[in-house]
Amino acid sequence: MSQKKKQRLYIRTAILIILLAAVGYTLYANLNKDNQGKINVGDKAPDFVLKDMQGNTHRLSDYKGKGVFLNFWGTYCPPCKSEMPYMDDVYKSYKNKGVEILAVDVGEAKFIVNKFVKQYKLSFPILIDKDRDVQSVYGVDDLPHSVLIGPDGKVKKVIVGNANLTKNDFKGFMESIKP
C-alpha cells in the first residue's frame, strides 16, 4: 500500500471516529434530556431571580411561607389570554391570604408584554425571563405552564398546556397552596 493511500485511510478513519462520537453524544444527550429540567410534585421548587416590569427584583425564596402560583406564559398564547382575567380576579382576593401569583413571560420584548398587561389590566407581578433561563430550569415547553408551590417551597401541582381552566379552577388552586 502506498504512502498516499495509508494517509487517506488514516484521515477517513479519524473522520469516522469523530462522526461516531458526535452521534453517540447526541443520542446520549437526547435520552437524558427528559430527566433534566423537569419539575415534579414533591420537588423543592428551584430558586430564581427575575425582574418585573417596573425593574423590581423578585426571588422565589423571598416568598417562603407563602403559596406561589408560578405561571409561564406568552402574549402569543391563546390559552394564556383566556386564563389571565381569571388569574387576576382570583389574585385580588388571595393576595392578602398569603398567596402570590408570579407570571413569567418567556422571551418577549418588554413593550409587547407591557401592552398586553395594560390591555388585560393585570395587577399581579409580571416577570420577564428574557433569556429563558427560568423556563429551562423548570422544564417548560408548552404554554401556559403553571407550577403550584406550597408555603414550604415544594411543588404541589404542575399544570401544562391548555386545560380550559375556569375561575373556579383557579380558586381551587389558590386554596390548595394557601398557608
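Select K121. This residue is exposed, because its relative accessibility of 65% is over the 50% cut-off. K121 sits in the loop between α3 (110-120) and β5 (126-129). Check its backbone: phi is positive, about 50 degrees, although K121 is not a glycine. Keep in mind that this is a predicted model.

**Along the chain to R132**

Select R132 next. Its phi is positive too, near 60 degrees, and R132 is a residue other than glycine. You will find R132 in the loop between β5 and α4. Is R132 buried, partly exposed or exposed? With a relative accessible area of 36%, R132 is partly exposed.

**A cis bond**

Now select L143 and P144. The peptide bond that joins them is cis, with omega at about -10 degrees. P144 belongs to the loop between α4 and β6.

**Aromatic pairs**

Show the rings of Phe, Tyr and Trp. The structure holds 9 aromatic pairs. One of them is F72 with Y138: the ring centres are 5.7 Å apart and the planes meet at 45 degrees, so the pair is tilted. Which parts of the chain does this pair link? F72 is in strand β3 (residues 67-73), while Y138 is in the loop between α4 (133-137) and β6 (145-149). These are distant parts of the chain, 66 residues apart. Both partners are covered. F72 is buried at 0% relative accessibility. Y138 is buried as well, with a relative accessible area of 1%.

Move on to Y86 and F170. They form a tilted aromatic pair, 6.4 Å from centre to centre, with 40 degrees between the planes. Y86 lies in helix α2 (residues 78-94) and F170 in helix α5 (residues 167-177), so the pair ties together parts that are 84 residues apart in sequence. Colour the two by accessibility. Y86 is partly exposed at 33%, whereas F170 is buried at 3%.

**Salt bridges**

Switch to charged side chains. Side chains of opposite charge can pair when their charged atoms come close. How many salt bridges does the structure hold? There are 5 salt bridges.

Start with D88 and K92. Their closest N and O atoms are 3.3 Å apart. Both residues are in helix α2, and because they are 4 residues apart, about one helical turn separates them. Is D88 buried or exposed? D88 is buried, with a relative accessible area of 3%.

Then select K167 and D89. Their side chains meet in a salt bridge, 3.7 Å from N to O. This pair links distant parts of the chain: K167 is in helix α5 and D89 in helix α2, 78 residues apart. K167 is partly exposed, with a relative accessible area of 32%. D89 is partly exposed too, at 36% relative accessibility.

The next pair is K178 and E175. The N to O distance in this salt bridge is 3.4 Å. K178 is partly exposed at 32%. E175 also counts as partly exposed, at 39% relative accessibility.

**Patches on the surface**

Select K4, K5, R8 and R12. Together they form a positive surface patch. K4 is placed in helix α1 (residues 3-33). K4 counts as exposed, at 59% relative accessibility.

For the last stop, select I11, I15 and L19. What kind of patch do they form? They make a nonpolar patch on the surface, with about 290 Å² of accessible area together. I11 lies in helix α1. Why is I11 called partly exposed? Its relative accessibility is 48%, so I11 falls between the 20% and 50% cut-offs.

Terms used. Residues numbered from 1 in each chain as written. Predicted model: local features only at pLDDT ≥ 70, side-chain atom pairs only at ≥ 80, totals over all residues. Heavy atoms only, no water. Patch = residues over 30% accessible without salt bridge, like charges linked within 9 Å, V, L, I, M, F, W, Y side chains within 5 Å. Areas by Shrake-Rupley, 256 points an atom, 1.4 Å probe, with all protein chains shown as cover. Salt bridge = Lys/Arg side-chain N within 4 Å of Asp/Glu carboxyl O. Lys, Arg positive; Asp, Glu negative; His and termini not counted. Charge placed at Lys NZ, Arg CZ, Asp CG, Glu CD. Helix = DSSP H or I, 4+ residues; strand = E, 2+ residues; numbered from the N terminus. Buried < 20%, exposed > 50% of the residue type's maximum accessible area, 1.4 Å probe, protein only. Phe/Tyr/Trp six-rings, centres within 6.5 Å; stacked < 30°, edge-to-face > 60°.
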